[in-house]
Amino acid sequence: SFGVGGLASYFGMNSREQELDELALTKAIIGTPDGFVAQVHTRYSMYLALQMRMFTISPIVTVGNLLDCIVSFDDMMMTWHGQQPVDPWLNDAQFTLPTNYATLEPAARLEILGRSFGVWLIGFYLSWKRGAAQKLVTPLIIRYEEGILDKDRFVELITGHIPMSDEQKARLAEYAHKPDPVKARLNVGVSGRGRQLVPPTVVEFLLDHIAVFRNEISEDEVRYLIQ
């Protein structure tokens, strides 16, 4: 963001979901002209695609099981609400959460997230599928379990998507197998726990919602995303 990185939430960055901060991009390019990596929660839009083309940004889209994502998001929200004053602008997201979120029972929190964050995640996935078909940019779409947890596969996918020298490939492989635990901000999500923890009513709701888009999302994709 244009502010201090660790305080991006103070500027409402969490809820900016379909474009990048061009001042922040310009600062990053000036500061690191050889290139940089940034992690952003951003749905696809034509405006975003044109931004990426202008700034020659190569999008890499990570996709995970929606139920696992919901549980991981709940973990993060409980941590944030426990460490910071209750201020909706500090914990803002692309959807609204109650200010007493941390006091609710786990099942109630997951119900709220399933009908807000879960719908957003389906929209996120669908937006990038449509974006890839539009061909303004060529995103590399990686499934979490196959392309992130498998370090060798991760290196193979990235080096196949972004032109790199042999030295850069070697550095990426070394870093992938032994990342800096602070700078990498590694996801602590556990694959498979979402199906155990998310209430069946939420699962059924998400299956009903994604069924609206079955002409665009295959049965295999539904199984991966929700089942």
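1. T56 lies in the loop between helix α2 (46–54) and strand β1 (60–63), where helices (H or I, at least four residues) and strands (E, at least two) are DSSP runs, numbered from the N terminus. The phi angle of T56 is near 50°, a positive value in a residue other than glycine. T56 counts as exposed because its relative accessibility is 67%, and the classes used here are buried for under 20% relative accessible area, exposed for over 50%, and partly exposed in between (1.4 Å probe, protein chains only).

2. Please keep in mind that this is a predicted model, in which local features need pLDDT of at least 70 and side-chain atom pairs count only at pLDDT 80 or more, while totals for chains, interfaces and linings use all residues. Residues are numbered from 1 along each chain as its sequence is written, and side-chain values use heavy atoms, with hydrogens and water left out.

3. K135 is another loop residue to look at, found between α5 and β2 (140–143). Its phi angle is near 65°, again a positive value in a residue other than glycine, and K135 is exposed because its relative accessible area is 67%.

4. For the overall plan, the protein chain has eleven helices and two strands, and from the N terminus on its elements run α-α-β-α-α-α-β-α-α-α-α-α-α. Buried residues make up 36% of the 227 residues in the chain. Of the contacts with a separation of 6 or more, 70% come from residues 24 or more positions apart, a contact being heavy atoms within 4.5 Å.

5. Helix α5 (residues 117–134) and helix α10 (residues 200–211) pack at an angle of about 35°, with their axes 10 Å apart; here axes are lines fitted to C-alpha atoms, for helices over the stretch in contact, and angles run from 0 to 180 degrees between N-to-C directions.

6. Helix α7 (residues 151–161) and helix α8 (residues 166–177) pack at an angle of about 145°, with their axes 9 Å apart, and their crossing is right-handed. The contact is made by K151, D152, F154, V155, I158 and T159 of α7 together with K169, L172, A173, A176 and H177 of α8. The residues of this contact of α7 with α8 divide into six nonpolar, two polar and three charged.

7. A search of the whole structure finds six aromatic pairs, and F73, F95, F117, W120 and F124 form one aromatic cluster. Rings of Phe, Tyr and Trp (its six-membered ring) pair if their centres lie within 6.5 Å, with planes under 30 degrees apart counted as stacked, over 60 as edge-to-face and the rest as tilted.

8. Two arginines lie over ring faces: R115 over F205, at 4.5 Å from the ring centre, and R143 over Y224, at 4.2 Å from the ring centre. A charge sits over a ring if NZ of Lys or CZ of Arg is within 6 Å of the ring centre and within 35 degrees of the ring normal.

9. A211 is found in helix α10 and is partly exposed because its relative accessible area is 38%, and its C-alpha atom is separated by 8.8 Å from that of V222, eleven residues apart along the chain. A108 lies in helix α4 (residues 106–114) and counts as partly exposed because its relative accessibility is 34%, while the C-alpha atoms of A108 and P199, 91 residues apart along the chain, are separated by 9.1 Å.

Definitions and conventions
A crossing is left-handed if the near helix is turned anticlockwise from the far one by less than a right angle, and right-handed if clockwise. Ala, Val, Leu, Ile, Met, Phe, Trp, Tyr, Cys and Pro count as nonpolar, Asp, Glu, Lys and Arg as charged, and the others, Gly among them, as polar.
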